[in-house]
Amino acid sequence: MRILHLDVQEFGALHGRRFSTDASVVVVHGKNERGKSSFQQALRTALFGFHPASPRLHPLANAAFRAADAEGEAIMELAATVRTADGTFQIERRMDSGPSARLTLEQATARDAAFVRSNEPVPAAGSVTGSLFDAAYTLDPDRARAFDRELEGEVEELLLGGGALPDLP
């Protein structure tokens, strides 16, 4: 799976931006408070949904966005174009009073059309969880230290299909 584009209308520090991410490696760097963490969370949200799924609890739904919600506007809104082995699809996610999503199939198979719940991971994510996505694709010192035994087990299960070797002394 490859995310080709990330379009962000409103999400944390990001407003009205389009990011092309169709590359083998995407490096995001910049000064503090410029939107690097918002970018990573927007990618995660596009694939796995809003967590927490409440505008009152979501850390990136700041007071200005909550004021927009009072006027019926989206608090957070983003879209991603994703290419898989089966084809291409676009996932749009929006948070106003609660999360909603729409999956648009461009050339994908009916397998991806099974996506019906508004805040569920996209079918193309398969058995990859949001936590595993964070650990695998985010080089953040706090997350690197948080790579605990539970997540290590998830990685072993995905890579080795449950056939991991026991810990050696």
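This note sets out, point by point, how the chain is built.

1. Basis of the model. The structure is a predicted model, in which local features need pLDDT of at least 70 and side-chain atom pairs count only at pLDDT 80 or more, while totals for chains, interfaces and linings use all residues. Residues are numbered from 1 along each chain as its sequence is written, and side-chain values use heavy atoms, with hydrogens and water left out.

2. Elements. The chain contains five helices and five strands. Both kinds of element are DSSP runs numbered from the N terminus, helices (H or I) having at least four residues and strands (E) at least two. Read from the N terminus, the order is β-β-α-α-β-β-β-α-α-α.

3. Burial and surface. Of the 169 residues in the chain, 36% are buried. Here buried means under 20% relative accessible area, exposed means over 50%, and partly exposed lies in between, with a 1.4 Å probe and protein chains only. The chain exposes about 10300 Å², and carbon and sulfur atoms supply 51% of this area. Accessible areas come from the Shrake-Rupley method with a 1.4 Å probe; for residues, only the protein chains shown count as cover.

4. The sheet. The five strands form an open sheet in the order E2-E1-E3-E4-E5, with antiparallel pairing. Strand E2 (14-20) and strand E5 (99-105) stand at the edges with a single partner strand each, so one side of each has no neighbour in the sheet. On average, neighbouring strands of this sheet are turned by 10° against each other, direction ignored. Strands of a sheet pair through backbone hydrogen bonds, either parallel or antiparallel.

5. Strand pairs. Two strands count as paired if DSSP finds at least two bridges between them. Strand E1 (residues 2-11) pairs with strand E3 (residues 76-84) in the antiparallel sense over seven bridges, and the bridge partner of Leu6 in E3 is Ala80. E4 and E5 also run antiparallel and are joined by seven bridges; in E5, Ala101 is the bridge partner of Arg93. A hairpin of three residues connects E4 to E5.

6. Axes are lines fitted to C-alpha atoms, for helices over the stretch in contact, and angles run from 0 to 180 degrees between N-to-C directions. The largest nonpolar core has 27 residues, of which Leu6, Val8, Phe11, Leu47, Met76, Ala80 and Ile91 touch the most other members. Elements giving two or more residues to this core are E1, E2, H1, E3 and E4, and the largest share, six residues, comes from H1. A nonpolar core is a set of buried Ala, Val, Leu, Ile, Met, Phe, Trp, Tyr and Cys residues joined through side-chain atoms within 4.5 Å.

7. Contacts of Leu47. Neighbours within four places in sequence aside, Leu47 is in contact (heavy atoms within 4.5 Å) with residues including Met1, Ile3, Val82 and Phe133. For the chain, 48% of contacts between residues at least 6 apart in sequence join residues at least 24 apart.

8. An aromatic pair. The structure holds three aromatic pairs. One of them, Phe19 with Phe39, is edge-to-face, with 4.9 Å from centre to centre and 65° between the planes. Rings of Phe, Tyr and Trp (its six-membered ring) pair if their centres lie within 6.5 Å; planes under 30 degrees apart count as stacked, over 60 as edge-to-face and the rest as tilted. Phe19 lies in strand E2 and Phe39 in helix H1, 20 residues apart, and both are buried.

9. Backbone exceptions. Most residues other than glycine have a negative phi, and most peptide bonds are trans. Glu33, in the loop between E2 and H1, has a positive phi of about 65° although it is not a glycine; Glu33 is exposed, with a relative accessible area of 76%. The peptide bond from His51 to Pro52 is cis, with omega near -5°, and Pro52 is placed in the loop between H1 and helix H2 (63-70).

10. Ala85. Which loop holds Ala85? Ala85 is found in the loop between E3 and E4, and at 85% relative accessibility it counts as exposed. Ala85 and Met1 are 84 residues apart in sequence and 7.1 Å apart in space, C-alpha to C-alpha.
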